[in-house]
Amino acid sequence: MNKTESKYFSTAARMDEAFLALLEKKDLPYITVKEICQQAGVNRSTFYLHYETIGDLLAESVQYMTERFLDHMRQRTEPFAASDTPLSAGRAYFITPEYLEPYLSYIAQNKRLFRTAMEQSAVLRLDRVYQRMFRHVFSPILQQFQVPEENRMYLMAFYIHGLMAIVDQWLQNDCADSIQKISAIMQQCVARPGQKGEPL
């Protein structure tokens, strides 16, 4: 990366940080380009050199958050994926506090961004995020648990969309309920009826 490219990305990072700082204080419709530029210490022409709209900046910020989450989850799933010993499909249960609570905490800390992302899910193409999450995070685990390949997309559609619906409702409630409570509800949702706490 040459000096010019480095300066370009450094300026973009400053605008990302400024946008996220403003999003912590107010909702997206009330944030202006002028405020972002003032917070980042750049002029309007610099903003428009990087983005056409605030929506483009939002998309970039969501992408940044997604990459951080995927890195976090990859570290947690590597022991499963790297194991040489196939595991029983009946044990394919990874909706646990160890997985959920750090993620829910991350959402709570960035709730305005996540709430805005959920509201703009069609524009931001969050379905692509789910596909990447499946491909890079969950699919290796399901392979290790010997879940047939033709069944994996259905299983993960249930996990991802069902659990994200709970997250969406939690965000709409301004994350008022505790992380532990939301984690317990998620675990309850993936347990067999009548067998509290047991995996599907």
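At what angle do helix α9 and helix α10 pack, and how far apart are their axes?

Tutor: This is a predicted model, in which local features need pLDDT of at least 70 and side-chain atom pairs count only at pLDDT 80 or more, while totals for chains, interfaces and linings use all residues. Residues are numbered from 1 along each chain as its sequence is written, and side-chain values use heavy atoms, with hydrogens and water left out.

Helix α9 covers residues 149-172 and helix α10 covers residues 179-189; helices here are DSSP runs of H or I with at least four residues, numbered from the N terminus. The two pack at an angle of about 145 degrees, and their axes are 11 Å apart. The axes are lines fitted to C-alpha atoms over the stretch in contact, and angles run from 0 to 180 degrees between N-to-C directions. The crossing of α9 and α10 is right-handed, a term for a near helix turned clockwise from the far one by less than a right angle.

On the α9 side, the contact (heavy atoms within 4.5 Å) is made by F158, L163, I166, V167 and W170. From α10 come I179, I182, I185, M186 and C189. By class, the contact has 10 nonpolar, no polar and no charged residues; Ala, Val, Leu, Ile, Met, Phe, Trp, Tyr, Cys and Pro count as nonpolar, Asp, Glu, Lys and Arg as charged, and the others, Gly among them, as polar.

The loop between α9 and α10 deserves attention as well. D174 lies in this loop and has a positive phi of about 60 degrees although it is not a glycine. C175, also found in the loop between α9 and α10, has a positive phi near 55 degrees. Most residues other than glycine have a negative phi. D174 is partly exposed, with a relative accessible area of 40%, whereas C175 is buried, at 13%. Buried means under 20% relative accessible area, exposed over 50%, and partly exposed in between, with a 1.4 Å probe and protein chains only.

D177 belongs to the loop between α9 and α10 too, and its relative accessibility of 27% makes this residue partly exposed. Leaving aside neighbours within four places in sequence, D177 is in contact with W170 and I182, and W170 of α9 and I182 of α10 are also among the residues that make the helix contact.
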